[in-house]
Amino acid sequence: MEEMSLKVYNSLTKKKEEFVPTEKDKAKIYVCGPTVYDYIHIGNGRAFVVFDVVRRFLRYLGYDVTYVMNLTDIDDRIIERAERENTDTQTITVKFIEAFFEDTEALGIERADIYPKATDHVQDIIELIQSLVDRGLAYQVNGDVFYDVSTFASYGSLSGKRIEDLVAGSRVAVDESKKNPLDFTLWKSQKPGEPGWQSPWGMGRPGWHIECSTMSMKYLGQTFDIHAGGVDLVFPHHENEIAQSEGATGKKFVKYWLHNGFLQIGGEKMAKSLGNFKTVREILKKVPTEVMRLFFLQKHYRSPIDLTDQGLQAAGSAANRLNRFYQKLQDMVMTEAPLEEESLNEKELQVLNTHRRLKSELVEAMKDDFNTPVAVSRLFDMVRELNALLTKDNLMDGERALLSQAKQDIEEVDSFFGFLRSKGSGANSELVNGLMEILIDVRKELRSRKIWDLADKIRQELDKNNIALEDKGQETAWRVK
Ligand code: AMP
Ligand code: ZN
């Protein structure tokens with residue numbers, strides 16, 4: 001395994017730290033997944049893309065990664081929606097889990113190793129709550145169970161909040177049954193018409209925080225490496241997860257906490273509750289997968305990003321530039337040519353050295369807390385450096401070998417970026433390319449026979465579908481607008 005020395009910013013210590021996993025060469029990652037009551041929006045999409053890249057980069061470095069993402073399939077919002085639609089909660093969750101898989105796949109996100117659902121783990125959740133009750137860290141009031149925050153001395157260490165301040169500033173409606181306004185729900189007693197499970201405290205259902213403690217520890221162990229989610233989850237969700245898990249096991253729960261910044265619209269967080277959201281499926285009708293990924297990764301994962309048309313357009317032309325380059329590269333180096341440095345002339349050696357330096361800077365940037373903005377700009381520097389060779393009609397052997405090496409390198413780094421258009425799916429699949437070639441050919445034929453109206457119709461119809469044709473001399477190129 002190559003020298004790794006990856007550094008990650010740990011929200012718990014507020015420092016960049018060297019990544020040292022609990023088990024050598026393994027990386028165990030848990031990412032908070034969606035509550036499946038609706039389609040995910042593109043802000044959620046950002047979180048899932050960002051940690052998809054983290055996961056893929058760890059694998060690129062040689063780690064054996066286990067990636068777990070929970071599905072919260074019991075929650076107030078799910079129950080409300082089921083009531084509104086006059087159906088049961090399962091009908092809602094089945095539909096939106098399916099949609100979630102489609103949407104994340106459409107964003108080029110790899111499947112997690114495990115997608116545990118809360119409703120499949122109620123027994124495990126009850127056991128964890130029971131152990132908290134047994135240890136005197138949780139108490140029951142009329143069928144509800146609360147975590148007693150005052151028993152956990154380091155409560156507030158992740159969010160940097162102090163219990164006293166939280167209590168003083170607490171706007172939580174005073175709940176007579178709780179000892180302390182910050183105590184949070186582990187188990188909710190069943191209300192009429194709501195789904196429920198049998199428990200030592202009567203019929204009820206689990207709270208949200210305890211689901212993540214239970215399922216992360218079940219699949220990754222009591223101490224695991226990375227726990228991630230959006231920055232809105234720091235408090236109270238992740239703070240509560242720490243209290244529950246460490247309270248129950250007496251061990252450190254998570255080594256590194258990673259939090260992504262918000263996707264914003266006009267400076268405001270994109271959120272369902274604010275009504276300023278766009279669903280992933282809506283936006284992907286206009287914006288190809290690789291453009292969306294590039295748009296996200298041009299910013300650091302911890303920074304906020306504003307979703308703007310200009311930003312998407314800029315990402316669109318960059319993604320096109322990269323893919324045009326890659327297509328040419330593929331055409332020019334059909335066969336792999338071994339690279340023998342001795343046979344390169346001085347100029348070629350210089351190109352090779354620059355290329356290697358840029359690639360290593362790219363990887364170093366990724367190792368520095370996944371600094372994708374720098375890494376992406378090195379990728380584009382690589383493209384610029386190599387472009388000159390691609391305009392040549394006849395390649396020398398050395399040049400061909402060099403381009404073949406470059407192609408491999410670019411494919412290698414794309415294993416974690418996901419910017420190259422896939423052959424099998426999306427707007428630029430082989431199938432689409434083939435069909436476009438036919439349309440362009442037919443249009444050419446129509447024009448040569450002076451059947452202008454039909455030729456124009458092809459262009460106009462494509463235009464309506466966001467595909468632009470560009471005539472350059474005898475050639476016609478196409479692109480997604
Ligand atoms: P939720 O279903 O609301 O719990 O969100 C799923 C994931 O998306 C969580 O990790 C959230 O922190 C994250 N998330 C929600 N809204 C945004 C946003 N506007 N920008 C980035 N991440 C978000
Ligand atoms: Zn969670």
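**Close-up views of a predicted model**

**View 1. The loop that holds aspartate 369.** Aspartate 369 belongs to the loop that runs between helix H11 (346–367) and helix H12 (372–390). Although aspartate 369 is not a glycine, its phi is positive, at about 55°. As in every view here, the coordinates come from a predicted model.

**View 2. Ligand 1 in its pocket.** Welcome to the largest pocket, where ligand 1 sits. Two elements each give two or more residues to the shell around ligand 1: helix H1 (42–60) and strand S9 (224–230). Of these, H1 provides the largest share of that shell, with 4 residues. In total, 17 residues surround ligand 1, and the closest are Gly43, Gly230, Asp232, Leu263 and Met270.

**View 3. Polar pairs around ligand 1.** Here we zoom in on individual atom pairs. Leucine 263 places a polar backbone atom 2.7 Å from a nitrogen atom of ligand 1. For methionine 270, a polar backbone atom is 2.8 Å from a nitrogen atom of the ligand. Asparagine 44 takes part through its side chain, with a polar atom there lying 3.2 Å from an oxygen atom of ligand 1. Taken alone, ligand 1 would expose 490 Å², and the protein buries 91% of that.

View 4. Which atoms coordinate the zinc ion (ligand 2)? They are SG of Cys32, SG of Cys212 and NE2 of His237, at 2.0 to 2.2 Å. Along the sequence, the spacing of these donor residues reads C-x179-C-x24-H. Cysteine 32 and histidine 237 link distant parts of the chain, as they are 205 residues apart. Cysteine 32 is in the loop between strand S3 (26–31) and H1, while histidine 237 is in helix H7 (residues 234–249).

**View 5. A cis peptide bond at proline 236.** Staying with helix H7, this view turns to proline 236, which lies in that helix. The peptide bond joining phenylalanine 235 and proline 236 is cis, with omega of about 0°. Helix H7 also holds histidine 237, whose NE2 atom is one of the zinc donors of the previous view.

Methods:
Residues numbered from 1 in each chain as written. Chains lettered and ligands numbered in written order. Predicted model: local features only at pLDDT ≥ 70, side-chain atom pairs only at ≥ 80, totals over all residues. Heavy atoms only, no water. Near = heavy atom within 4 Å. Polar contact = N/O pair within 3.5 Å; in protein donor to acceptor, adjacent residues only side chain to side chain. Areas by Shrake-Rupley, 256 points an atom, 1.4 Å probe, with all protein chains shown as cover. 1 Å grid on protein atoms, 1.4 Å probe; cavity = no way out; pocket = protein on both sides within 12 Å on 5 of 7 lines; lining within 4 Å. Sits in = over half its atoms within 2 Å of the grid points. Donors = N, O, S within 2.8 Å, 3.2 Å for Na, K, Ca; no water.
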